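Subject: A structure for you to look through

Hello,

Here is the structure I promised to pass on. Please open it beside this email, so that you can find each place as you read.

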Amino acid sequence: QAQLVESGGGLVQPGGSLRLSCAASGSIFRFYTMGWYRQAPGKQRELVAQIVSDGSSVYADSVKGRCTISRDNAKNTVYLHMNNLKPEDTGVYYCKLSNNFGGSDWGQGTQVTVSS
């Protein structure tokens, strides 16, 4: 089904910023809800942000005010811009596509490390 490829992760100092990208193929991207999740070592995967087809979005309380999710339907790409990053933001960030039939697809993940 859909193929999702994340990029943009890396090492950043506390207080810094990153923009993650997720490029999708094999689906009618503009109709679907897209989300960013993260997973720290030894912990469960958790929702960071989600954006629906009309552009409305939701954020986890831990990142609210520091993250912005957006989408470019012409490029079949969803972004997560993160500001004022904290060490607790460290983890593997995954892109998720949710279709309208109860199914979903995941990307391979991109590592984000926040450390001085």
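Below is what was found in it, going from the whole chain to single residues.

A word on the ground rules. This is a predicted model, in which local features need pLDDT of at least 70 and side-chain atom pairs count only at pLDDT 80 or more, while totals for chains, interfaces and linings use all residues. Residues are numbered from 1 along each chain as its sequence is written, and side-chain values use heavy atoms, with hydrogens and water left out.

**The whole chain**

The protein chain has 11 strands and 0 helices; both are DSSP runs numbered from the N terminus, with helices (H or I) of at least four residues and strands (E) of at least two. The radius of gyration of the protein chain is 13 Å, close to the 13 Å that the globule rule gives for 116 residues, so the chain is as compact as a globular protein of that length. That radius is taken over C-alpha atoms, and the globule rule is 2.2 Å times the number of residues to the power 0.38. Along the principal axes, the C-alpha atoms fill a box of roughly 40 × 25 × 25 Å.

Of the 116 residues, 41% count as buried (buried means under 20% relative accessible area, exposed over 50%, partly exposed in between, with a 1.4 Å probe and protein chains only). The chain exposes about 6100 Å², and carbon and sulfur atoms supply 47% of that area (areas come from the Shrake-Rupley method with a 1.4 Å probe; for residues, only the protein chains shown count as cover). Among contacts between residues at least 6 apart in sequence, 54% join residues at least 24 apart; contact means heavy atoms within 4.5 Å.

**An aromatic pair**

How many aromatic pairs does a search of the whole structure find? The search finds 1. Tyr37 and Trp106 form this pair, which is edge-to-face, with 4.9 Å centre to centre and 65° between the planes. The pair links distant parts of the chain: Tyr37 is in strand β4 (residues 33-39) and Trp106 in strand β10 (residues 104-106), 69 residues apart. For the cut-offs, rings of Phe, Tyr and Trp (its six-membered ring) pair if their centres lie within 6.5 Å; planes under 30 degrees apart count as stacked, over 60 as edge-to-face and the rest as tilted. Tyr37 counts as buried, at 13% relative accessibility, whereas Trp106 is partly exposed, with a relative accessible area of 34%.

Is Tyr93 buried or exposed? Tyr93, which lies in strand β9, is buried, with a relative accessible area of 0%. Not counting residues up to four places away in sequence, Tyr93 touches several residues, including Glu6, Trp36, Tyr37, Met82 and Thr110.

Thr110 sits in strand β11 (residues 110-114) and counts as buried because its relative accessibility is 10%. Leaving aside neighbours within four places in sequence, Thr110 is in contact with residues including Glu6, Leu20, Gly91 and Tyr93.

**Residues in the loops**

Thr90 lies in the loop between β8 and β9 and is partly exposed, at 22%. Thr90 and Val114 are 24 residues apart in sequence and 5.5 Å apart in space, C-alpha to C-alpha. Beyond four places in sequence, Thr90 touches Ala40, Gln111, Val112, Thr113 and Val114.

Asn84 lies in the loop between β8 and β9 (91-98). Although Asn84 is not a glycine, it has a positive phi of about 45°, and it counts as partly exposed at 42% relative accessibility. Asn76, in the loop between β7 (67-72) and β8 (77-82), is not a glycine and has a positive phi of about 50°.

What is Gly15 in contact with, leaving aside its neighbours within four places in sequence? Gly15 is in contact with Asn84 and Leu85. Gly15 is in the loop between β2 (10-12) and β3 (18-25), and its C-alpha atom is separated by 6.4 Å from that of Lys86, 71 residues apart along the chain.

Enjoy exploring!

Best wishes
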